[in-house]
Amino acid sequence: MTNKRNIPSRRFIKPSFNFLIEKKRDGGEFTQEEIRYIIDSTLDGEMPQHQLAALAMAIYFSGMSAQETADLTEEMMLSGEVIDLSHIAKPKIDKYSTGGVGDKTSLVLVPLAMASGVVVPMMCGVEHEYLISTLDKLAAVPGFKGALSNDQFSSQLARIGGAIIAQTEDLAPADAKLYELRKETGTIPSLPLITGSVLSKKLAEGSEGLVIDVKWGNGSFIKDLEQAKQLARSMTRVGRSMKRRCVALVTDMNQPLGDTVGTALEVKEAIQLLKGEGPEDMKELVLKLGMEIVRLAGVAGSTLSAKQTVQRHLTDGSALDKFKELVKAQGGDTSFIDHPEKFPQARHIRKLPAPKRGYVHTISAAMIARGVHLLGAGIEPSTAPVGNHAGHANHNHAKVDYSVGVSEIKKVGTQVKQGEPLMMIHYNDEAKLEQALEYFKNAYRLAPKRPTPPPLVVERVA
């Protein structure tokens, strides 16, 4: 356990919650004592919800300085358990993504990093509304368990070098309370609050370094490129101030990643990628993030040797072996990894025909995600247990249809003839298809001129 930094012995006079709200509303800067008091009062429920809501909104509008954000992150991290992985000698680096449609990078990167000699302690929090989390995808593998205790997590890391589990409730509990409130008060997009939320959890799980994938675009909750760059800077800066190595890449989420969106479909695509095959954009993203991980870990020195390390493990089968090892360690049936055709297949597959000829100009990734959700791949928000994300990988198994989704997605810049498929829709239920089709049809914009596809990696912030 990490000890709290000592606050100077002069007595801290507790301010009124009113005073704190007004101070932030008028653009004032909180001291470390005040931030600790806010987090403590959030945790023990002493600050009434309406005042906490007002405070979150004041922070949303007035922002926080780098020092305040670092103090907030540290106090939230220390609000619960901090896992100590110092008994593991290998470098411990995790990867965090702000979430994207069709983003199955974690499924490939974790075993890839493990194969390269890096330990990956990955805990997954709750995803933004319509995104399907890494754990929901892994749940398509029969028997796979996402809920482990901190001790099981720590011993699996020591044994095989990686784990992908649901965030346990005793990590950064102040964040869980604040997150629920932010969802209800329109304050999710606040950069200091996102920074504090993500880093407090990621650093409490014991990682020494963090590679962050900040998505921007119509399929991300960050629609604005400038904001994405600011978030990348905020997170790397706070990570460094907490003595952790941090690198962020700002990457494009203006169209789905890879060729598939769903659960089993995405796991199958990840298996392809682990064989060195699969779609180009996913390959590029895995390569770029993988290189950052091995460099942060100190496993590879130069950019070139990092690239060679990552490419070697992707093509020689060692990353695929690590994926099987991880699935097996968490109770999953590895025969599905060896024989992906065993995954459930949808009863019907139909094409989404192009309404006219032209080039794919834009794709709304968010609409595709919502459509796939409607087909039955997601958990309906109404049935998800409120406030309890620990069992989040295991709730309502019956509710998720692992076979549905979309595949063979035509990407931005592709030329299509009229009637040619823009993508293939895998579905089981006609009524659900009707609803989803509205989203799928509206997701595509075709135009006569070829557009320039946006670059996948916009900026690197270190």
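This is a predicted model: local features need pLDDT of at least 70, side-chain atom pairs count only at pLDDT 80 or more; totals for chains, interfaces and linings use all residues.
Reader: Which residues of helix 13 are buried?

Author: They are Ala306, Thr309, Val310, His313 and Leu314. Viewed down the axis of helix 13, the buried residues fall within an arc of 125 degrees, so they line one face of the helix. Leu304 and Thr315, on the other side of helix 13, are exposed.

Reader: And what do the buried residues of helix 13 pack against?

Author: Four elements are their partners: helix 5 (105–115), helix 11 (264–273), helix 12 (280–297) and helix 14 (318–329). Have a look past the end of helix 13 as well, where Gly317 follows with a positive phi, near 85 degrees.

Reader: On to the strands. How many residues of strand 11 are buried?

Author: A general point is handy before we look: in a regular strand the side chains alternate between the two faces of the sheet. In strand 11 (residues 421–427), 6 of the 7 residues are buried, so this strand is largely enclosed by the rest of the structure.

Reader: Which way does strand 7 run relative to strand 11, parallel or antiparallel?

Author: Bridges are the guide to pairing. Strand 7 (residues 348–353) and strand 11 run antiparallel and are joined by 6 bridges. Strand 9 (residues 405–407) also pairs with strand 11 in the antiparallel sense, over 3 bridges.

Reader: What does Pro421 touch?

Author: Pro421 lies in strand 11, and its relative accessible area of 22% makes it partly exposed. Setting aside residues up to four places away in sequence, Pro421 touches Lys351, Leu352, Pro353 and Lys410. For a sense of distance, Pro421 and Lys183 are 238 residues apart in sequence, and their C-alpha atoms are 37 Å apart in space.

Reader: Let's finish with rings. How many aromatic pairs are found in the whole structure?

Author: The search finds 3. To read a pair, take the distance between the ring centres and the angle between the planes. For Tyr60 and Phe61 the centres are 5.1 Å apart and the planes are at 80 degrees, so the pair is edge-to-face. Phe336 and Phe343 also form an edge-to-face pair, with 5.3 Å centre to centre and 70 degrees between the planes.

Reader: What are the surroundings of those rings like?

Author: Phe336 and Phe343 are both buried. Tyr60 is partly exposed, at 33% relative accessible area, whereas Phe61 is exposed at 64%.

Reader: Where do the charged ends of Lys24 and Lys201 sit?

Author: The charged end of Lys24 sits over the ring of Phe30, 5.2 Å from its centre. That of Lys201 sits over the ring of Tyr179, 5.9 Å from its centre.

Conventions:
Residues are numbered from 1 along each chain as its sequence is written. Side-chain values use heavy atoms; hydrogens and water are left out. Buried means under 20% relative accessible area, exposed over 50%, partly exposed in between (1.4 Å probe, protein chains only). Helices (H or I, at least four residues) and strands (E, at least two) are DSSP runs, numbered from the N terminus. The arc is that of the directions from the helix axis to the C-beta atoms. Contact means heavy atoms within 4.5 Å. Two strands pair if DSSP finds at least two bridges between them. Rings of Phe, Tyr and Trp (its six-membered ring) pair if their centres lie within 6.5 Å; planes under 30 degrees apart count as stacked, over 60 as edge-to-face and the rest as tilted. A charge sits over a ring if NZ of Lys or CZ of Arg is within 6 Å of the ring centre and within 35 degrees of the ring normal.
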